[in-house]
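Please have your viewer ready.

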Amino acid sequence: MRIQKQSPLPAVRFFDGTTMEGSQFDVFLSFRGKDTRKGFTDHLHEGLKLRGISSFIDSENLEKGEKIGELLGYIEKSKICIPIFSNGYADSRWCLRELAKIVECNKKVIPVFLDVDPSDVKKQSGPFASAFEKHESEGQLKPEEVRKWRDALTEVGNISGFTLEDTDG
């Protein structure tokens, strides 16, 4: 069952004058489920709901039987994207595809660095380096796709966000 806004959200105005009107979801959450779903991400999603902010989360908004590839379309239907970078984020090709789509769509981004140094995201070092070594050694990916992922990580890694340390997912 797809959950949609019941009533219009009062216009939230950002510093640049944009609002959240005209989107199916106010926020798209991009995260590695294995790392953060049953902890930080669930708490963030519930907190947003309590404040009347509709957020897309795959476990609630992606209908059973709907193709996983359609997940990327929800990025276009969201006003703001919050990538939650965790140690395993870059291990997931889906997370990297979502991030590349977020950058491609020029969405407003508020990154969360959860037990991850923002410079590791920006420079693809630390756990991000080992994830890319794995992806590239498998040889199944087109170099253009890997370049898009790296460019997206660099771009979003340069955005001021929230850095949370010593958490448990």
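Which residues in α7 are buried? In this helix, Val-146, Trp-149, Ala-152, Leu-153, Val-156 and Gly-157 are buried, where buried means under 20% relative accessible area with a 1.4 Å probe and protein chains only. Helices (H or I, at least four residues) and strands (E, at least two) are DSSP runs, numbered from the N terminus.

A word on the source: this is a predicted model, in which local features need pLDDT of at least 70, side-chain atom pairs count only at pLDDT 80 or more, and totals for chains, interfaces and linings use all residues. Residues are numbered from 1 along each chain as its sequence is written, and side-chain values use heavy atoms, with hydrogens and water left out.

Back to α7: seen down its axis, the buried residues fall within an arc of 125°, so they line one face of the helix; the arc is taken from the directions between the helix axis and the C-beta atoms. These buried residues pack against β3, α4, β4 (108–109), β5, α5 (118–123) and α6, with contact meaning heavy atoms within 4.5 Å.

The largest nonpolar core has 28 residues. Such a core is a set of buried Ala, Val, Leu, Ile, Met, Phe, Trp, Tyr and Cys residues joined through side-chain atoms within 4.5 Å. Phe-28, Phe-85, Leu-99, Val-121, Phe-128, Phe-132 and Leu-153 touch the most other members. Elements giving two or more residues to this core include β1 (25–31), β3 and α7 (143–157). Not counting residues up to four places away in sequence, Val-121 touches Phe-85, Phe-113 and Leu-153, among others.

Now to the rings: the whole structure holds 8 aromatic pairs, counted for Phe, Tyr and Trp (its six-membered ring) when centres lie within 6.5 Å; planes under 30 degrees apart are stacked, over 60 edge-to-face and the rest tilted. Here are two of them.

| Pair | Centre distance | Plane angle | Type |
|---|---|---|---|
| Phe-85 and Tyr-89 | 4.8 Å | 65° | edge-to-face |
| Phe-85 and Phe-113 | 5.5 Å | 15° | stacked |

Phe-85 is buried at a relative accessible area of 0%, and Phe-113 at 1%.

Finally, the charged end of Arg-150 sits over the ring of Phe-132, 4.3 Å from its centre; this label needs NZ of Lys or CZ of Arg within 6 Å of the ring centre and within 35 degrees of the ring normal.

How values were computed:
Buried means under 20% relative accessible area, exposed over 50%, partly exposed in between (1.4 Å probe, protein chains only).
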